[in-house]
Amino acid sequence: MNPETKTPAPSLPGALLKILAGGTLTVIGLSVLLVLTIGGTVFQVEHGLYQAQKDYFQSWYVFLFGFLPFPGGQLTLWVLTVNLSLASALRLKRNWGALGLHIIHWGLIVLLVGGCAHVFRARYP
């Protein structure tokens, strides 16, 4: 317990859930996607579309400028899928007024999981 506020200290799983469902992780993930999109587009000019897809968007990590390690498209999208799932389950209000938000969020989750399933099925038949 914190003696000043007399509130219990958050548990490790609770703190981890708060971080994974937080808006900060969303902003960081979307910023990483922005950098990946720009880097992949520039890379595509000299190396072609399919090589850029393989190196930037279908990989778990990528080396920007040839030496700077950076999360790849797959890792970023998995983190954003977990973030969106937890945020919509934990942070959205549960009433009829928020039904549209729930439908949109869970629709995006279905699209992301379906895309990941397609990639894994194509890679490992």
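Predicted model: local features only at pLDDT ≥ 70, side-chain atom pairs only at ≥ 80, totals over all residues.
Biologist: Okay, how many residues does helix α2 have?
Modeller: Helix α2 covers residues 23–47, which is 25 residues, and it reaches 35 Å from its first C-alpha to its last, close to the 36 Å expected at 1.5 Å a residue. That expected span is 1.5 Å times one less than the number of residues, and helices (H or I, at least four residues) and strands (E, at least two) are DSSP runs numbered from the N terminus.

Biologist: Which residues of α2 are buried?
Modeller: Leu25, Gly29, Val32, Leu36, Gly39 and Gly40 are buried, where buried means under 20% relative accessible area, exposed over 50% and partly exposed in between, with a 1.4 Å probe and protein chains only.

Biologist: And what covers them?
Modeller: The cover includes α1 (12–20), α3 (49–57), β1 (61–64), β2 (68–71) and α4 (73–90). Just after α2, Gly48 takes a positive phi of about 95°.

Biologist: Switching to the strands, how do β1 and β2 run?
Modeller: They run antiparallel and are joined by four bridges, with strands taken as paired if DSSP finds at least two bridges between them. Together they form a hairpin with three residues between them, and Phe65 in the turn has a positive phi of about 60°.

Biologist: Now the pockets, what lines the largest one?
Modeller: The lining is made of Leu33, Phe57, Gln58, Gly73, Gln74, Leu77, Leu112, Gly115, Cys116, Val119 and Phe120, and about 260 Å³ of space lies in this pocket. The largest share of that lining, five residues, comes from α5.

Biologist: How does that lining divide by residue type?
Modeller: It divides into seven nonpolar, four polar and no charged residues.

Biologist: What about Gln58, where is it found?
Modeller: Gln58 is in the loop between α3 and β1, and it is partly exposed, with a relative accessible area of 37%. Not counting residues up to four places away in sequence, Gln58 touches Gln53, Gln74 and Arg123, where contact means heavy atoms within 4.5 Å.

Biologist: Is Gln74 buried or exposed?
Modeller: Gln74, which has its place in helix α4, counts as buried because its relative accessibility is 9%. Leaving aside neighbours within four places in sequence, Gln74 is in contact with Phe57, Gln58, Ser59, Trp60, Val119 and Arg123.

Biologist: Last one, which helix gives the largest share of the second largest pocket's lining?
Modeller: That is α2, with seven residues, and the lining residues include Val35, Ile38, Gly39, Tyr56 and Phe65.

Methods:
Residues numbered from 1 in each chain as written. Heavy atoms only, no water. 1 Å grid on protein atoms, 1.4 Å probe; cavity = no way out; pocket = protein on both sides within 12 Å on 5 of 7 lines; lining within 4 Å. Points joined across faces, edges and corners; volume = space filled by probe spheres on them. Nonpolar A, V, L, I, M, F, W, Y, C, P; charged D, E, K, R; others polar.
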